[in-house]
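Let's take a friendly walk through a protein model. Have the sequence and the 3D view ready as you read.

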Amino acid sequence: MLRLFSTVVIALAGLLMNECRSGRSTLKISELPNYDSKSPDHILFLSFRITGKPGGNEHVELASATVGNGRMKDLRHPVGFPVYITAIPRYTTSALEAETAFEHPLYRSVEVSDPSGHMRRQEVKAGEGTLLVRMPIHSGLNRLELFSVTPERGSVKIYTLVFN
């Protein structure tokens with residue numbers, strides 16, 4: 001009976017891990033490279049490796065993280081394609097949670113030149129890509145959530161990064 005129970009528990013755990021859509025990892029900001037506790041302002045640079053297919057079928061993992069000193073400039077570029085990724089920082093306080101949109105690294109629109117010399121937009125699909133997220137570190141920041149947005153499925157959470 002005990003052997004059957006342990007086999008069932010292991011099988012269920014395997015199934016649950018297989019069906020899990022959004023990854024989760026933990027990051028301690030004060031232990032990151034270049035963190036300076038004397039600096040009043042910090043910028044967090046995160047690099048994510050993304051594989052799979054857009055629309056909630058992505059596998060996301062944190063590739064690298066580093067901290068810089070200083071304030072951010074607003075250098076966001078508009079996303080002009082219906083498939084994209086949004087990043088939302090979540091706070092323990094009632095701070096404003098500003099959503100930032102990024103071009104999806106697996107499915108995007110690029111300008112290419114055709115043989116006649118004219119520029120046109122073309123959809124490009126990839127099996128693997130890198131998403132670079134740059135964000136200020138404010139007090140109360142406790143997690144960052146990434147969502148894959150497509151016209152067919154809407155917004156689907158694909159990753160959560162927890163800060164300690």
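**Starting from a loop**

Leaving out neighbours up to four places away in sequence, Met72 is in contact (heavy atoms within 4.5 Å) with Ile43, Arg134, Met135 and Pro136. This is a predicted model, in which local features need pLDDT of at least 70 and side-chain atom pairs count only at pLDDT 80 or more, while totals for chains, interfaces and linings use all residues. Residues are numbered from 1 along each chain as its sequence is written, and side-chain values use heavy atoms, with hydrogens and water left out.

Met72 sits in the loop between strand 3 and strand 4; strands here are DSSP runs of E, at least two residues long, numbered from the N terminus. How exposed is Met72? Its relative accessible area is 30%, so Met72 is partly exposed (buried means under 20%, exposed over 50%, partly exposed in between, with a 1.4 Å probe and protein chains only).

Now look at strand 3 itself, residues 57-69, where you will find Glu58. Glu58 is buried, and its side chain makes a polar contact with the side chain of Ser148 at 2.6 Å. A polar contact is a pair of N or O atoms within 3.5 Å; within protein, one must be able to donate a hydrogen and the other to accept it, and residues adjacent in sequence count only if both atoms are side-chain atoms.

Finally, find Phe48. Setting aside residues up to four places away in sequence, Phe48 touches several residues, including Val60, Leu62, Leu131, Leu144 and Leu161.

Key: Helices (H or I, at least four residues) and strands (E, at least two) are DSSP runs, numbered from the N terminus. Lys and Arg count as positive and Asp and Glu as negative; His and the chain ends are not counted. A salt bridge is a side-chain nitrogen of Lys or Arg within 4 Å of a carboxyl oxygen of Asp or Glu.
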